[in-house]
Amino acid sequence: MTDTPGRLRAVFADAGVTGWLHAVDIDTGAQVEAGADQPVCTASVHKLCLLVALHQEAAAGRLDLTEQVECPPGGRTPGPTGLAAMLDTARLSLRDAAYLMMAVSDNTAADLLLARVGLGTVNRCTARLGLTRTHAAHGFGEMLALMREDAGPGGAQALTDPHVIARLRALDPARTNRSTPRDMTRLLGAVWRDETGPPEHGAAMRRVMGLQVWPHRLAAGFPFDDVHVAGKTGTLPTLRNEVGVVEYPDGGRYAVAVFTRTDRTAAVLPAADAVIGTAARVAVDALRAAA
């Protein structure tokens, strides 16, 4: 695996992105890295931290996952999916809100759960798990509000201007929700080994991650019917991320975290999406070859 970091850098460069990756065999600890300790903006990847905190609170008896919450149409966190895109009052359980948060990255569902769990609880959860470089600075609605403030009167159209991009606090790991690729694979490994709580909670978290609908990033690198990919994406202007676990039919389980940034401000960049799967495949193939 000695040439794998170089191959990964070449793969990222060919796609026009800067990338940081960590991949680890969940059962043996063998690993591949390329900038694994680089501080990165997590964007919606941080919803995984919220999911784990939610289940730890439920396991401790401080909340019931079947508890019902009402979501009126006014004041919802913006977003193109789930409750954020709906027009009428909705009522659903905490666990169904967690499904929407993970499967379609629903921002409104995430902030509903965050209001119930608390930002401090999320940070205490990650600290207990040893994720020393992971921190939630704000909720998802607040993060989007900061972007609007930083973008100024030009609004969303201003986000095509590199000078505007450069001043967005949401893209600065020192001022937003952040982690490192290594911290994220550590969290994934803990979930897959049932180290975050009782097995039934681990199974529930793995289930909703496996229901994510986006096939264009991590899953694109593993187009096989018998290979299962469970993950969580994260997207902000110039940023495309995904963390997840790739499971092979022979029992191999690999946690992978890929974070990328590009100078291009276009919202649609297929090569920048696809390189996440390509880089993950390079890393997992290297781990499997070395086993």
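How many nonpolar, polar and charged residues does the lining of the largest cavity have? The legends below describe close-up views of a predicted model, and the first of them answers this question.

**View A. The largest cavity and the residues that line it.** The structure holds one cavity of 30 Å³ or more. The space in the largest cavity amounts to about 50 Å³. Its lining consists of His46, Leu50, Leu114, Leu119, Val122, Ala136, His138, Phe140 and Asn177. Sorted by class, six of the lining residues are nonpolar and three are polar, while none is charged.

**View B. The crossing of helix 2 and helix 5.** Helix 2 spans residues 47–59 and helix 5 spans residues 119–128. Their axes come within 9 Å and cross at roughly 90 degrees. Angles of 65 to 115 degrees count as roughly perpendicular, and the two helices are therefore described as roughly perpendicular to each other. On the side of helix 2, the contact is made by Cys49, Leu50, Val52, Ala53, Gln56 and Glu57. Helix 5 contributes Thr121, Val122, Cys125, Thr126 and Arg128. By class, this contact has six nonpolar, three polar and two charged residues.

**View C. The aromatic pair of Phe222 and Tyr248.** The count of aromatic pairs in the model comes to two. One of them, formed by Phe222 and Tyr248, is edge-to-face, with 6.5 Å from centre to centre and 90 degrees between the planes. Phe222 lies in the loop between helix 9 (199–210) and strand 7 (228–236), and Tyr248 lies in the loop between strand 8 (239–247) and strand 9 (253–261), so the pair ties together parts that are 26 residues apart in sequence.

Technical notes. Residues are numbered from 1 along each chain as its sequence is written. This is a predicted model: local features need pLDDT of at least 70, side-chain atom pairs count only at pLDDT 80 or more; totals for chains, interfaces and linings use all residues. Side-chain values use heavy atoms; hydrogens and water are left out. Axes are lines fitted to C-alpha atoms, for helices over the stretch in contact, and angles run from 0 to 180 degrees between N-to-C directions. Helices (H or I, at least four residues) and strands (E, at least two) are DSSP runs, numbered from the N terminus. Angles under 35 degrees count as roughly parallel, over 145 as roughly antiparallel, 65 to 115 as roughly perpendicular and the rest as oblique. Contact means heavy atoms within 4.5 Å. Ala, Val, Leu, Ile, Met, Phe, Trp, Tyr, Cys and Pro count as nonpolar, Asp, Glu, Lys and Arg as charged, and the others, Gly among them, as polar. On a 1 Å grid over the protein atoms alone, a cavity is a set of points where a 1.4 Å probe fits but cannot get out, and a pocket is an open set with protein on both sides within 12 Å along at least five of seven lines; lining residues have an atom within 4 Å of a point. Grid points are joined across faces, edges and corners, and a volume is the space filled by probe spheres set on the points. Rings of Phe, Tyr and Trp (its six-membered ring) pair if their centres lie within 6.5 Å; planes under 30 degrees apart count as stacked, over 60 as edge-to-face and the rest as tilted.
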